[in-house]
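Work through the exercises below with the sequence and the model at hand. Each task is followed by its solution.

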Protein chains: 2
Amino acid sequence: MTDCQGDRGNGPMELYEKLTQQGDKVRALKTDKAEKADVDAAVQLLLKLKVDYKQITDGADGEDTVDPWNVCTSNAKGVDYDKLIVRFGSNKVDKDLVDRIEKVSGQKPHRFLRRGIFFSHRDMHQVLDSYEKQKPFYLYTGRGPSSDSMHVGHLIPFIFTKWLQDVFDIPLVVQLTDDEKYLWKDLTVEQCHSFAVENARDIIACGFDVNKTFIFSDLDYMGACPDFYRNVVKVQKHVTFNQVKGIFGFTDSDCIGKISFPAIQAAPSFSNSFPHIFGSRKDIQCLIPCAIDQDPYFRMTRDVAPRIGYPKPALLHSTFFPALQGAQTKMSASDANSSIFLTDSPKQIKNKVNKHAFSGGKDTVEEHRKYGGNADVDVSFMYLTFFLEDDEQLEKIRQDYTSGALLTGELKKLLIETLQPMIAQHQERRKQVTDEIVKQFMTPRPLNFKH
Amino acid sequence: MTDCQGDRGNGPMELYEKLTQQGDKVRALKTDKAEKADVDAAVQLLLKLKVDYKQITDGADGEDTVDPWNVCTSNAKGVDYDKLIVRFGSNKVDKDLVDRIEKVSGQKPHRFLRRGIFFSHRDMHQVLDSYEKQKPFYLYTGRGPSSDSMHVGHLIPFIFTKWLQDVFDIPLVVQLTDDEKYLWKDLTVEQCHSFAVENARDIIACGFDVNKTFIFSDLDYMGACPDFYRNVVKVQKHVTFNQVKGIFGFTDSDCIGKISFPAIQAAPSFSNSFPHIFGSRKDIQCLIPCAIDQDPYFRMTRDVAPRIGYPKPALLHSTFFPALQGAQTKMSASDANSSIFLTDSPKQIKNKVNKHAFSGGKDTVEEHRKYGGNADVDVSFMYLTFFLEDDEQLEKIRQDYTSGALLTGELKKLLIETLQPMIAQHQERRKQVTDEIVKQFMTPRPLNFKH
């Protein structure tokens with residue numbers, strides 16, 4: 001994740017030239033009667049360039065930027081997620097779906113579902129249809145280990161995935177893309193691998209069941225499972241450079257490792273990548289809970305799946321976890337002031353929230369009492385939406401803040417009092433995670449899985 | 001290998017356009033002060049396009065085409081190998097080097113060295129310098145298993161590699177690129193893997209020492225050795241799409257698997273890709289005996305090696321083994337009539353040589369007696385150069401044929417009598433190669449290696 005300019009530093013003129021060239025290219029491909037997939041990919045890139053160009057020239061009226069490396073918007077309320085659903089062609093997690101998950105699982109829906117934090121999905125009804133017919137599915141999520149310190153935003157997919165594992169009683173695979181981080185960052189292979197192991201400790205501390213969870217580093221697992229590599233190569237055969245260019249914006253100057261990496265993030269979506277868990281079965285449906293910025297990888301995966309004889313993975317997409325400074329961008333581990341780390345002390349948490357958390361309150365107590373605060377742009381309130389379990393209490397806080405009865409300092413105090421024990425408990429659980437336990441989770445082995 | 005048109009079907013106009021575009025691109029890169037590696041790669045592609053254009057417009061005067069997928073020339077004597085040395089920037093295997101190999105190894109040089117069949121090298125003197133100082137090296141060669149039947153031309157690198165293994169007493173790794181064949185051909189992963197195992201039988205039948213030889217399928221070994229994958233990723237990080245485009249001619253329509261594959265052929269050049277043999281040592285020099293068309297992979301490898309802290313592999317390049325129809329192209333397993341297969345019966349060998357082997361003889365016996373034959377373009381004579389051990393006998397055959405004393409039918413008979421027992425013996429040895437023996441060779445394990 002980089003700042004709002006994107007990490008390719010495109011000026012308007014440069015973008016305009018790219019746009020013109022890509023237009024020429026699409027026409028040439030059509031004239032040459034090129035393969036449909038290539039034409040589609042070129043058109044997709046053209047549309048993306050048009051959107052980028054519109055955004056850069058229109059300023060605040062432009063669309064939000066959301067891809068695996070950039071998340072930003074000019075709106076203090078955060079990215080417009082309804083628009084994103086339309087743009088990405090996914091489906092909204094509506095009341096019907098939430099009710100159905102409640103019915104099928106027999107459990108009260110997680111607060112992330114009740115509050116629209118997991119807001120978008122692909123094929124979730126199909127997963128539930130099958131589950132009702134006693135056909136199990138498995139969960140796949142992941143993390144790119146770019147440092148040894150994770151922040152609270154990184155917990156979102158894991159907190160939700162643990163809930164899904166518990167209520168559906170199904171296996172989970174967690175991919176740590178240490179190879180990806182080596183390819184993208186100025187880090188050594190050894191550093192990335194050690195970050196993967198450290199991150200695994202934090203993931204385990206979320207409370208996953210060792211009998212139902214396999215956590216793997218790509219650098220280890222690629223060299224431990226020929227079936228995984230076979231699936232990587234199958235995906236690599238069925239995706240062209242034109243396609244990854246369209247989806248991820250790669251250029252000719254990118255290294256060949258980046259260009260072929262998307263296949264490695266795709267492969268765990270297919271059950272026979274894990275023969276120790278699923279044997280040779282390739283028909284077990286995969287459900288991927290992840291932040292919406294990872295969707296491009298899985299749009300590609302879903303495009304390839306039927307062509308190599310596998311079911312398409314289903315998805316549940318979450319919103320971003322906002323930076324302390326405001327919801328224009330997501331929390332980033334590379335900016336210490338934008339993040340609350342899982343290693344922060346109670347004092348650090350208090351100081352960061354008080355000093356950096358963007359407030360929707362008014363400038364003076366008098367004005368605040370009179371006009372009330374704006375919960376929609378207030379980062380402390382947003383964080384409470386993620387972490388405060390009690391719906392009534394949350395609603396009361398919203399009302400009191402909006403009316404002016406609750407001051408910014410008081411709201412921040414409520415957040416601090418929520419985060420401090422939550423993170424202290426995480427640190428306590430993490431201490432219990434011995435090297436032996438990490439090894440257990442990271443060893444390919446059979447899991448409890450009802451065939 | 002495809003026919004002389006190349007498998008990208010470029011017409012002169014299309015090439016001219018490509019040439020113009022590439023020229024623009026090089027200028028743009030220079031103007032933008034792009035990375036040196038990218039500029040170099042773009043220039044390399046430009047030069048390649050110029051050569052291609054010159055060839056297609058000049059006709060017979062053009063240069064030979066030699067890359068991993070195309071070998072052809074308009075000259076019946078075969079590719080001009082001296083020109084190729086200049087073009088590829090390698091060194092000639094001259095009398096000095098052959099004498100030195102004899103001195104260092106204490107053995108009469110192999111006929112492939114005496115007769116200029118291994119005609120080009122990179123850093124061979126450095127390998128011998130180190131060897132004289134008791135620093136051992138290891139051998140790496142390979143094969144792309146595109147079918148279960150190998151032809152006599154495929155034996156050339158293996159016959160020579162076995163000789164090197166014997167005289168220098170060093171370990172050998174043999175890569176079977178079944179993943180490559182899956183990516184390039186209309187074959188399943190399972191087919192390619194089974195071809196790899198069948199080809200391993202033929203390679204073992206060449207007489208390699210099981211205590212000094214490790215044969216591996218990429219599809220197996222990538223999933224069995226994390227250190228191998230780490231080296232693949234290291235190479236992938238240090239090579240851009242621009243570079244592989246320049247070296248291999250890949251296009252935007254190629255699949256991402258092809259684009260990243262060169263890193264997989266590069267990785268066995270580094271000794272720590274084989275921890276079961278070399279432990280964590282990354283400083284052991286690699287020597288690669290291969291046909292000259294594989295050089296692009298290793299030019300790339302030698303470029304990357306110092307940037308990731310590894311020694312550059314040394315190379316010994318062989319000429320091509322000509323098709324029965326003539327030395328304009330190399331023997332190809334996909335054309336049954338161009339090839340003598342290792343499975344052919346004595347009768348098939350006899351028929352193929354008599355019917356298809358291009359003759360340098362005259363049209364009638366009378367003319368032949370009067371003017372003599374042309375050994376330089378005679379495929380039977382060329383094959384004898386590869387397989388007849390006795391230098392004096394070979395020279396006498398050449399003289400007799402050139403003078404007209406030896407008729408084409410008699411020359412063919414000599415070849416048939418050389419090939420029939422050679423191939424029968426190969427078949428006999430192959431029969432002895434049990435599944436158990438194949439498994440032994442293909443299991444990662446320590447080898448006899450004097451550190």
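**Exercise 1.** Determine how many residues of strand S6 (residues 172–176) of chain B are buried.

Solution. Strands (E, at least two residues) and helices (H or I, at least four) are DSSP runs numbered from the N terminus. Buried means under 20% relative accessible area, with a 1.4 Å probe and protein chains only. By this cut-off, 5 of the 5 residues of S6(B) are buried. Next, sort them by direction: B:Leu172, B:Val174 and B:Leu176 point one way, B:Val173 and B:Gln175 the other way.

The model is predicted: local features need pLDDT of at least 70, side-chain atom pairs count only at pLDDT 80 or more, and totals for chains, interfaces and linings use all residues. Residues are numbered from 1 along each chain as its sequence is written, chains are lettered from A and ligands numbered from 1 in the order written, and side-chain values use heavy atoms, without hydrogens and water.

**Exercise 2.** Find which strands pair with S6(B).

Solution. Two strands pair if DSSP finds at least two bridges between them. Strand S5 (residues 137–143) of chain B runs parallel to S6(B), joined by 5 bridges; here B:Arg143 stands opposite B:Leu176. Strand S7 (residues 213–217) of chain B is also parallel to S6(B), with 5 bridges, and B:Phe214 is the bridge partner of B:Val173. Finally, S5(B), helix H7 (residues 152–168) of chain B and S6(B) make a right-handed β-α-β unit: with the strands pointing away from the viewer, the path from the first strand over the helix to the second runs clockwise.

Key: Buried means under 20% relative accessible area, exposed over 50%, partly exposed in between (1.4 Å probe, protein chains only).
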